[in-house]
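User: I am new to reading protein structures. Can we go through the terms and check each one against the values?

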Amino acid sequence: MIASTAILLLTLGQAPIIEISGANFRPLPIALPAPLTQDDGSKKLAAEFDDALKFDLAACGLFQLLDRKSYLADAKEGVTASSINFSNWSNVGADALVKAQLSIDGEMVRGDLRLFTVAAGKEELKASESSSKQDVRKLAHKLANALYKFYTRETGPFETKIAWARKTPAGKDVWLSDWDGRSGVGIGIGGINTLPTIGPDGSVAFTSFRSGKPDLFVSKNAAAPKVLVASGRMATGVAFSPDGRRVAYSLADGESAQIFVAAADGSSPRQLTNTPFFINTSPSWSPDGKRLAFVSNRGGTPQVYVMSSEGGEAKRLTFQGNYNQTPDWSPRGDLIAFTARDERNAFDLFTIAVDSGKVTRLTQDQGNNEEPSFSPNGRLILFTSTRNGGVPRLFVMTFDGNNQVELPAEKGSYSTPDWGP
C-alpha cells in the first residue's frame with residue numbers, strides 16, 4: 001500500500017497502515033512544530049528533545065518533515081484540535097500535524113504527543129511518556145516509536161541499540177549507543193577491539209587483542225568484558241543466534257579460516273566448514289536460526305554462501321562481482337545485505353533476495369560504503385560511509401537504499417557497526 005492510499009484511509013476514519021515498500025512509495029508529509037513547554041525546567045530541555053524527535057522522524061524514511069520556515073501558524077498555537085487553524089497547515093502541504101508538549105514532574109520530564117489529520121482536522125493519536133531529566137532524548141525516542149507504530153503497526157527502531165568500533169590513537173574501542181549514535185557507553189576500551197555484535201539480551205561480543213592474541217570477549221550489561229572464545233587462533237565475526245542460545249564465529253588456522261558454532265557461553269564448539277587453504281568468515285544467522293550466511297573464497301574470490309546452521313553443503317548465493325563480503329541477514333528473512341567492491345575499486349552496498357537471487361544496488365558514487373546491518377524490524381540499514389570528508393562515519397538508510405542520512409554521533413572514524421534490540 002503506498003502512502004497516498006494510507007492517507008485516504010486515515011481521513012475516512014479507518015486504521016492507517018503505511019507499507020514502506022514499492023516503487024510508488026512516498027514519505028508522508030508532516031509538520032512538526034517546535035515543542036511547547038509548560039515550565040522553565042522543560043524549556044531548558046526542549047532543544048535536545050526536539051533535536052532527537054526531528055532526527056528520528058526524518059531518518060526513518062516514513063515521513064517527509066516540512067521545513068519550519070514555511071509554517072504559517074502561530075508558534076504559540078495550542079495542542080488541541082479546537083485551538084488549531086488547520087488551513088494554515090494544509091496550505092504548507094502537510095497531510096499530518098504532530099504537536100508535542102513538555103512538562104517537569106519532579107526528577108522526570110513528561111512528553112505529550114498528539115497527531116492530527118490535517119484534511120479532517122481530527123486528532124488521531126495521543127501518546128504520553130516520561131523519562132529522567134538527564135535522558136530527554138530517550139523520551140523523544142519513545143514518542144517517535146508511538147507515532148511509527150501507529151502508521152505501520154510495527155515496533156519502531158528508535159529505542160534500540162547499536163554497537164560500533166571507533167579508531168583511537170592506540171587502536172580501536174568498542175561502544176554501545178542509542179540507535180542514533182548518541183549516549184554511548186564504552187564496552188571494549190584500550191588496545192584493539194573490533195567487530196562488535198549485539199545479542200538478543202543486549203550482550204555485546206567482539207574481537208579483542210587485550211590478552212595479546214585475537215580472542216572473542218563478551219560484555220553483559222556494560223560490565224567488564226569476559227573471555228568468550230580463547231583458542232590461540234584469530235577469532236572473528238562472532239554472531240548470536242536469534243534465540244541467543246548459540247554463537248557462530250570464524251577461527252583462522254594457517255592459510256584457512258573455518259566457521260564454528262558453539263553454545264552462547266563459548267562451550268561445545270563445533271566446526272561447520274572444512275575447506276583447507278580457503279577462508280570462511282563473517283557468519284550471519286537467518287531469523288529462524290536454521291541457516292547461516294557467510295563469506296568464502298573457495299570459488300576463487302570472496303562470495304556470499306548459505307548453509308545449514310548444523311553444517312553440511314554450502315550453496316553459493318552471489319555470482320556478480322569478484323569481492324563480496326560482510327553479509328547481514330534481514331530479520332524479515334527475505335534479503336541479505338552485503339558489501340561489494342566494484343570495477344573502480346570502490347566499496348558499495350547491495351542486497352540479494354534469498355529466494356530469487358535478485359541483486360539490488362543501494363549505494364553508488366558517494367565514497368566507500370561498507371558493513372551493512374539491518375535494524376531489528378528489517379526496515380532500515382546501518383552502515384559506514386566515507387562520503388563526508390573521506391573518514392568512515394555512521395549512516396542509516398531504508399532497506400531499499402533511500403533516505404541515506406548520517407547519524408549525529410560524535411566526530412571520529414567508525415567501523416564494523418551492528419544493530420541490536
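Analyst: Start with the salt bridge: a side-chain nitrogen of Lys or Arg within 4 Å of a carboxyl oxygen of Asp or Glu. A word on the source: this is a predicted model, where local features need pLDDT of at least 70, side-chain atom pairs count only at pLDDT 80 or more, and totals for chains, interfaces and linings use all residues. Residues are numbered from 1 along each chain as its sequence is written, and side-chain values use heavy atoms, with hydrogens and water left out.

User: What makes E310 and R270 a salt bridge?

Analyst: The closest N and O atoms of E310 and R270 are 3.0 Å apart. The cut-off is within 4 Å, so the pair counts. E310 lies in the loop between β20 (303–308) and β21 (315–316), while R270 lies in strand β17, so the pair ties together parts 40 residues apart in sequence. Strands (E, at least two residues) and helices (H or I, at least four) are DSSP runs, numbered from the N terminus.

User: Why is E310 called partly exposed?

Analyst: Buried means under 20% relative accessible area, exposed means over 50%, and partly exposed is in between (1.4 Å probe, protein chains only). E310 has 48% relative accessibility, so it counts as partly exposed. R270, with 36%, is partly exposed too.

User: How do you know whether D348 is buried or exposed?

Analyst: D348 has 1% relative accessibility, so it counts as buried. D348 forms a salt bridge with R361, the closest N and O atoms being 2.8 Å apart. D348 sits in strand β24 (residues 347–353) and R361 in strand β25 (residues 359–361), so this pair ties together parts 13 residues apart in sequence. R361 is partly exposed, at 30%.

User: Which residues are linked with D348 and R361 in a network of salt bridges?

Analyst: The network links D342, R344, D348, R361 and D365. The structure as a whole holds 21 salt bridges.

User: What is called a nonpolar core here, and which residues of the largest one touch the most other members?

Analyst: A nonpolar core is a set of buried Ala, Val, Leu, Ile, Met, Phe, Trp, Tyr and Cys residues joined through side-chain atoms within 4.5 Å. The largest one has 46 residues, and F49, F63, L147 and Y151 touch the most other members. Helix α4 (residues 136–152) gives the most to this core, with nine residues.

User: How do you know where this core lies?

Analyst: Domain 1 (28–152) and domain 2 (161–420) both give residues to it, so the core lies between them. Domain bounds come from an automatic or database domain assignment. Apart from this core lies another, of 13 residues, including L228 and V247.

User: How many residues of domain 1 and domain 2 are in contact, and what area do they bury?

Analyst: Contact means heavy atoms within 4.5 Å. By that rule, 11 residues of domain 1 are in contact with 15 residues of domain 2. Buried area is the accessible area (1.4 Å probe) that two parts lose on being put together, summed over both. Here it is about 920 Å², 53% of it on carbon and sulfur atoms. In domain 1, F55, A59 and R137 lose the most area to domain 2, together 51% of what that side buries. The C-alpha centres of the two domains lie 35 Å apart.

User: How many salt bridges cross this interface?

Analyst: The rule finds two salt bridges across it.

User: What do D51 and R182 form, and where do they lie?

Analyst: They form a salt bridge, with the closest N and O atoms 4.0 Å apart. R182 lies in the loop between β8 (171–178) and β9 (185–188) and D51 in helix α2 (residues 40–59), so the pair ties together parts 131 residues apart in sequence. R182 counts as partly exposed at 28% relative accessibility, and so does D51 at 36%.

User: What makes S282 stand out?

Analyst: S282 is not a glycine, yet it has a positive phi of about 55°. Most residues other than glycine have a negative phi. S282 lies in strand β18 (residues 280–285).
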